[in-house]
Structure formats: structure tokens, C-alpha cells
Amino acid sequence: LLRGFDLACDSLLRVAVLSFADCDVLFISSHHIIVDGWCNPLIYGDLLRFYNRCLEGTKEAELADLVLTEKRDILVFRDYVEWINGLGEQEGKTYWEDYLEDYESDAEIKPMEVIEGTITESVAEEYVTFDPDITTKLTAFARNKGTTISTLTQLVTGILLMKHCNTEDVLIGNVVSGRDVALPGVDKAVGLFINTIPLRIRAERGEETIEELLTRLQETNTASTAYSHTALSEIKVGTANISEYIKHIFVFENYPQMEAEEDGDQGEKLRLESLDAREQTNYDLSFAAFSDEYGLRFNISYNPKKFTKNNVRILGKHLKSIAEQIVKEPQTALKDICVADAEERSLLLGEFNATGAEYAKDKTIVELFEEQVEKTPENTAVVFKDESLTYAELNAKANGIANRLRDLGVKPDDFVA
């Protein structure tokens, strides 16, 4: 089960039966490229239903007739692909170009801690469960505003990015079901229907409230539905491919439930004990929201070679903090949402900010800097985004500017604008 799939030679659906002293266990694993999450209750529901009908003595011919009858009401995936290919590409490209016009933010959450040791795992997960009371209030708030819990969780995730990236305009990859189309039988079809489209969340002004942001987000989501089948690879931000801007993805998982087995003696009937998915994407950090018997939950999937478990747990705390502030006061302005709690603020302002150090009081900052250049010329001195300078490089640039100013006639104590 831990073995991956080689797309060049492996079967993308694997089945194994293991026999134990007290039972037989059927293991089924498949690659995401052939089915999406919506398909699981369809596939396994049919497997249980037909297997148990066989145990009950249903004849093969009767089952074959039943299969043929049911297939008439199911969309063939090939027909869906042909429908997609028949859509006009240019209209969708034009819509997304307008949607992304003037976007230039860097909405990527960076790791907070250094990874120590050798990490062999390529993906890990952290679940965040909201209290039942918060779940109820979030659902009621979304309903009262004429929106959905899906849109509200998008906004919560967007605010998380805004606060961590110090911007009021963020872009996320939003995974959509692809089944919101007027094709008969699409809800029963098996295949990979999902698509990723841009999700832009921005505040038009600093004082914009959470309610206002949610209403506008719902409006843009509704408008973008008609263009949700546009391939992400065809969408650009200006002249750049959108992949250069989308660093995280979001999905709200709202799949149909498998029909429950009828009460009574289960006997030797086949039962589904567990259904697990191991998601791995090209993104170092992705967010999935869903509701289950525990309430509203987030699954943060991350690259453990980039993010520590503690780092991701902090992000989970921030998601809960944002949600709690939303239900407490929906009229709160975006700028007043604070993700850090009192303990974290104390850590940031106190321990992390304890930068006091002894130094030679008889020397200027310039002299101290030049001494450091001589001691560690190749050490990193400054970092900005993806760029960095060593002490030697920074010193060379500073001397270059100083020499240029001297050539222009600037003297000691002169003001330089």
C-alpha cells in the first residue's frame, strides 16, 4: 500500500486479498489520476452492493441486467471529455485575464523554523477540528449571509494567507468538482472530473469588514462557475504563467455519502472498514476543509522537508483563531483580525525580540560592521525574499554607493535625498 504508482507501467487500480485467522481483508488502492474523491462512495458502494447480492443468491444474469439498466443513467467519462473539448477556450481565458488583472502579490506562507535531521517522508498531514459550537455558528453565519460554508472556509484560508504574507490581495488554487454541469448522469459518473482554478481574495480597502468580504467572494465565485473548466495551464497573470503565483491550493470536500447497509444480520456480508487517501501535490502547503461527525475540520497537507509539525500546528491555531473572531464579531474589519494569541504575541515580542548584546561602545556602527566583514566575509548578512548578500557583498555595495556620492560632491553631514 505504501508503494507508489509508476504511470508508465503500473496498473492504476490495485486489489489484494489478505486472509487472517478470523477474517479476509480486501485492499484496494488506486491512483488519483483515474478517479476523484467523489467516486469513492460510487465505486465502493457498488462493490459492496453487488458482492452482497451475490452472497444472497442473486443470479448472474439478473445482476448483469441490473448493471446494464443502471449504466443507462450514468454519464460516460469519454462524453464528458468531448463536452469539455467543445467549450470555447478564448472566452474562459479572457474572463480569467480580467479576474487577475493587476495582481502582483507574493502570497506564499514561508517556513518559520529550520528543518533538523534527515526527513524521508514526502508528505505529512495535520488535522484541525473546530469546536461544535464554532461549527454551528459558522454554518449559521454563512446561511444568513446567503452563502455557503465552503465559501466561508475559503475566506478563512485567504485571511490566513493575508496575515502571514502581509498583503490584502492573495491568490490560491481552488479545486472544484467539475460536475456542476448540465449533463445527465454526471453525478453518478466515475473519472477524474476535478479542476483547479484561481481563487483571488482581496480587500478593496483596509476597513472592509468580514461580512463585506464574504458577500463579494460569493459573488465572484458565482460568476466564475461558468469558466471553471478552463485549464490552469492556459491561464496567465499578465505574461507570466499562473503557476508562478499560485503557491497553495484549497479544496472543500463535499462528497456524496455511501448508502448505509440495511439493518439485520450482516453474517458474511462484505463491509467497508476504512477509506483513506494519501494526497500528494506539487505544493508544499495545501488546505482541505470538510465536515464530518466531529464538526468542521481542516486538513493541512505539507512537505515535511520544508515545514515542521510545530510550524503547521501554529497555522492550524491561526485558522481556528480567525474563525472564532469571525463568529464573535462579523463586522470586524479585516485589519483588526489578529492571528496570534496572547502567548504567541508574548513570544514574538519578548523572547524572539530579545536581541540585546554587548558591544564596544567606543566604536561606530560602521567600524563594527567592517570588523564583521573581516571576520566572516562569506556569511549571510541580509536576506530579502529570495535574494541574499554576504557581508563582503554588502560591504562592496555600500562602498560603491559611498564612492559615487563622493564623486557627486557630497561632503560629511550633507543631506542626501
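Modeller: Let's start with Asn 166, which is found in the loop between α6 and β4; helices here are DSSP runs of H or I with at least four residues, strands are runs of E with at least two, and both are numbered from the N terminus. Before going on, a word on the ground rules: this is a predicted model, where local features need pLDDT of at least 70, side-chain atom pairs count only at pLDDT 80 or more, and totals for chains, interfaces and linings use all residues. Residues are numbered from 1 along each chain as its sequence is written, and side-chain values use heavy atoms, with hydrogens and water left out.

Back to Asn 166. Its phi is near 55°, a positive value in a residue other than glycine. Asn 166 counts as exposed because its relative accessible area is 74% (buried is under 20%, exposed over 50%, partly exposed in between, with a 1.4 Å probe and protein chains only).

Now the helix I'd zoom in on, α5. It covers residues 132-144, so 13 residues, and reaches 18 Å from its first C-alpha to its last, close to the 18 Å expected at 1.5 Å a residue; the expected span is 1.5 Å times one less than the number of residues. Which residues of α5 are buried? Ile 134, Thr 135, Leu 138, Phe 141 and Ala 142 are. They sit on the same side of α5 because they cover an arc of only 130° around the axis, the arc being that of the directions from the helix axis to the C-beta atoms. Pro 132, Thr 136, Arg 143 and Asn 144, on the other side of α5, are exposed.

What does the buried set of α5 pack against? The partners are α6 (149-165), α7 (210-224), β10 (295-302) and α8 (309-328), where contact means heavy atoms within 4.5 Å.

Just past the end of α5, Gly 146 takes a positive phi of about 70°. Thr 148 lies in the loop between α5 and α6. It counts as partly exposed because its relative accessible area is 37%. Leaving out residues up to four places away in sequence, Thr 148 touches Ala 142 and Gln 218. Ala 142, as you'll recall, is one of the buried residues of α5.

Asp 169 is buried, because its relative accessibility is 12%. It touches Tyr 103, Ser 105, Arg 200, Ile 201 and Arg 202, again not counting residues up to four places away in sequence.

That brings up charge pairing. The model holds 23 salt bridges, a salt bridge being a side-chain nitrogen of Lys or Arg within 4 Å of a carboxyl oxygen of Asp or Glu. One of them joins the side chains of Lys 335 and Asp 336 at 3.2 Å, N to O. Lys 335 counts as partly exposed at 42% relative accessibility, and Asp 336 is partly exposed too, at 46%. Bridges that share partners link Asp 102, Asp 169, Arg 200 and Arg 202 into one network.

Whereas Asp 169 is buried at 12%, Asp 102 counts as exposed at 56%.

Arg 297 bridges to Asp 292, with the closest N and O atoms 3.0 Å apart. Arg 297 is buried at 16%, while Asp 292 is partly exposed at 25%. Arg 53 bridges to Glu 62 with its closest N and O atoms 3.7 Å apart; Arg 53 is partly exposed at 25%, and so is Glu 62, at 45%.
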